[in-house]
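These are my notebook entries on a structure that I went through one element at a time. I set down what I looked up, and in what order.

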Amino acid sequence: MNKLINHPDDMVKEMLEGYLSIYPNQFERVPNTIGLMKKNKSEQVSIVVGGGAGNEPWIMGYVGEGLATGAALGNVYTAPPSRAILNVTHAVTNSKGVLYICTNHMGDVLNFELVRELAELDGIESRCVFVTDDISTASLEQKAERRGVAGIALVVKVAGAACDFGLSLEEVVRIANKAKENTNTFSVTTSAGYMPGSGRAMFEMPEGEIEYGMGFNGEPGILHTKLGSADEIAETLMKYLLNDMKLTKTDEIAVMINGFGFTSLLELCIIGRKVKQIINTNKIQTHDIFIDQLFCPQGTGGLSITIMKLDSELKKYYDAPAYSPFFNKIAIGE
Amino acid sequence: MKNSMNAEQLKNMFLSVAQKIVDSEDFLTEIDIKIGDGDHGIGMSVGFRNVLKELPKCQFTGAEDVFKMVGTILLDTMGGASGVLFGTMFISGIIKRPVSEEMKLSDFAEVFRKSLNALQQRGKAHIGDKTMIDAFEPAVIGLEESVCNGLSLVDGLNVAAIKAKEGMEYTKQVVAKFGRAKSYGEKAIGLQDAGATSVWIIFQEIADWSTGNLS
């Protein structure tokens with residue numbers, strides 16, 4: 001795969017520099033750190049996100065209005081060092097407390113847990129929420145063990161809105177946890193992504209075969225099949241999700257169909273068509289459904305479907321608008 | 001033969017360890033790519049290249065300060081799980097220790113025992129989980145037994161290296177409980193853990209440097 005970079009060592013730094021120079025009014029660089037924050041500061045709980053780069057817009061593009069306050073970026077697929085996260089923590093408004101949100105991967109968890117301790121030592125109150133939405137990585141009974149993927153988009157959005165409503169840190173944490181517990185994702189990978197530094201494929205993916213539940217670093221999934229039609233793929237994805245979430249007619253949901261970058265909107269809309277049919281057939285109430293590309297492992301083919309089960313409280317925050325150049329969602333309702 | 005190390009010697013020894021890790025980047029990548037993210041070699045190399053850059057500029061009086069500086073550099077520059085875990089390996093053992101001018105074999109045993117305990121608390125891994133603990137714990141036990149057996153500093157550090165190597169070899173026999181390797185299940189049998197390999201490289205170079213410079 002031909003890649004457009006200058007030098008592998010500078011990829012993430014130069015990506016951030018490019019983003020900040022093109023959108024200078026909204027964001028600024030965190031000093032001495034591969035990290036950014038909103039310029040617009042207000043006296044409320046801040047959300048700091050972080051993780052390895054490579055799944056853009058996740059991390060960098062999740063800082064914005066109604067979203068996260070600041071972010072630390074690690075190298076591609078590598079958690080950022082604790083120091084970087086701590087620098088972001090000190091740079092954002094932290095007097096009302098800081099909520100850290102990241103996906104449940106060991107590197108991220110270890111660094112964020114350490115930062116939480118270091119922030120406490122510096123007198124900053126903070127909490128961690130580790131998103132565990134990938135249903136293919138552990139059983140429902142072991143939800144805390146599941147890894148985090150695209151569902152973090154919806155969790156950050158809900159938590160960001162809760163901060164904007166002026167809630168206390170404890171309340172924001174409660175709502176973020178509620179969002180997390182009700183968010184589930186299942187995915188299909190149709191072609192291998194590649195490492196942006198080398199352009200080399202991350203794993204072998206034979207032509208005409210697909211894998212459900214594969215991790216974005218190429219971790220083995222749970223179901224390997226021949227490539228079927230779009231409708232068959234949508235049916236398989238929804239079957240696993242509905243089964244895991246045990247949704248009924250009384251449930252109200254938000255659905256995100258997330259393309260991995262290599263799969264086109266033409267294809268994603270065909271998948272979306274079938275997804276909507278399945279939801280209607282099961283008579284589940286759809287509060288919102290949308291197609292976007294918010295969590296894209298480097299050039300990977302495939303998509304994920306995330307479902308968040310909503311109650312009236314979650315709906316209130318879900319409906320608030322969110323804006324960053326790469327994550328744009330208008331307000332729902334009035 | 002000298003039976004202890006001062007701060008200057010520790011500094012030179014860790015610079016030698018750092019060079020060894022940097023030289024092992026491709027070897028570690030090769031191991032990790034079969035079973036992990038494939039980024040262990042790069043991460044370790046980034047951290048220890050920064051040790052090579054920063055450590056020579058530092059002046060130390062206490063032996064503990066050398067451990068602290070190496071650990072802090074790793075923690076601040078590596079990222080990933082490895083940054084926290086290898087940072088812990090160097091920092092946590094010296095916390096709350098009075099500063100000492102010289103480190104004897106018993107001091108090495110004490111420091112690394114404390115950091116092993118901290119590491120297990122943080123990473124929640126035990127022997128047999130196919131992690132760096134599989135090499136680190138036997139090395140620490142090797143140091144402690146050498147103290148009991150009255151071995152010299154150089155001999156004790158060599159015992160630790162042998163035990164670390166045995167532990168690294170042992171990781172080939174077990175399935176992984178953590179990280180990406182976990183999803184490989186039984187397919188991980190026969191493959192060694194990259195973190196355990198790095199621990200062995202560190203202890204081997206500690207032993208080799210001591211043999212060459214203290215004997």
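**Entry 1: helix H8 of chain B**

I began with the burial of H8(B), and the buried residues there are B:Leu153, B:Gly156, B:Leu157, B:Asn158, B:Val159, B:Ala160, B:Ala161, B:Lys163, B:Ala164, B:Lys165, B:Gly167 and B:Met168. I note that this is a predicted model, and I read every entry below with that in mind.

I then asked what covers the buried residues of H8(B). The cover includes strand E1 (4-6) and strand E2 (102-104) of chain B, together with helix H6 (105-123), helix H7 (133-148) and helix H9 (194-214) of chain B.

I also checked the length of the helix. H8(B) runs over residues 153-170, and its 18 residues should span 26 Å at 1.5 Å a residue; the end C-alpha atoms are 26 Å apart, which agrees.

**Entry 2: helix H6 of chain B**

H6(B) has 19 residues and reaches 26 Å from first C-alpha to last, close to the 27 Å expected at 1.5 Å a residue.

Which residues of H6(B) are buried? I listed B:Leu105, B:Asp107, B:Phe108, B:Ala109, B:Val111, B:Phe112, B:Ser115, B:Leu116, B:Leu119 and B:Gly123. Their cover includes helix H4 (63-77) and helix H5 (80-91) of chain B, as well as E2, H7 and H8 of that chain. Just after H6(B), I found that B:Lys124 takes a positive phi of about 60°.

**Entry 3: the annotated span of chain B**

I looked up the record for chain B. The UniProt annotation, from an unreviewed entry, reads "domain: DhaL" and covers residues 8-208 of chain B. Over residues 8-208 the chain is 67% helix and 1% strand, with end C-alpha atoms 17 Å apart.

**Entry 4: the annotated span of chain A**

I did likewise for chain A. UniProt, again in an unreviewed entry, places the feature "domain: DhaK" at residues 7-327 of chain A. Over residues 7-327 I read 32% helix and 25% strand, and the end C-alpha atoms are 27 Å apart.

**Entry 5: the six-stranded sheet of chain A**

I traced an open sheet of six strands in chain A, in the order E1-E2-E4-E3-E5-E6, with mixed pairing. Strand E1 (27-29) and strand E6 (126-131) of chain A stand at the edges with a single partner strand each, so one side of each has no neighbour in the sheet. The twist averages 20° from one strand to the next.

Within the sheet I examined one pair. Strand E3 (residues 46-53) and strand E5 (residues 98-103) of chain A pair in the parallel sense over four bridges. A:Ile101 in E5(A) is the bridge partner of A:Val49.

**Entry 6: backbone exceptions in loops of chain A**

Most residues other than glycine have a negative phi, and most peptide bonds are trans.

In the loop between E3 and E4 of chain A I found A:Pro57, and a cis peptide bond joins A:Glu56 to A:Pro57 with omega about 5°. A:Ile59 has its place in the loop between E3 and E4 of chain A, and its phi is near 85°, a positive value in a residue other than glycine.

A:Tyr77 lies in the loop between E4 and H2 of chain A, and its phi is near 60°, which is positive. Are A:Ile59 and A:Tyr77 buried or exposed? A:Ile59 is buried, with 29 other C-beta atoms within 10 Å. A:Tyr77 is buried, with 24 other C-beta atoms within 10 Å.

**Entry 7: strand E7 of chain A**

I found strand E7 (residues 183-191) of chain A mostly covered, with eight of its nine residues buried. E7(A) runs antiparallel to strand E12 (residues 301-310) of chain A, and eight bridges join them. A:Val188 stands opposite A:Leu303 in E12(A). E7(A) also pairs in the antiparallel sense with strand E8 (residues 209-212) of chain A over two bridges. There A:Thr189 stands opposite A:Glu211.

**Entry 8: where the chains meet**

Conventions. Residues are numbered from 1 along each chain as its sequence is written. Chains are lettered from A and ligands numbered from 1 in the order in which they are written. This is a predicted model: local features need pLDDT of at least 70, side-chain atom pairs count only at pLDDT 80 or more; totals for chains, interfaces and linings use all residues. UniProt positions are given in the numbering used here, feature names are shortened, and annotations may be inferred rather than shown by experiment. The expected span of a helix is 1.5 Å times one less than its number of residues. A residue is buried if 20 or more other C-beta atoms lie within 10 Å of its own, exposed if 12 or fewer, and partly exposed in between; C-beta atoms are placed from the backbone. Two residues are in contact if their C-beta atoms, placed from the backbone, lie within 7 Å. Two strands pair if DSSP finds at least two bridges between them. Axes are lines fitted to C-alpha atoms, for helices over the stretch in contact, and angles run from 0 to 180 degrees between N-to-C directions.
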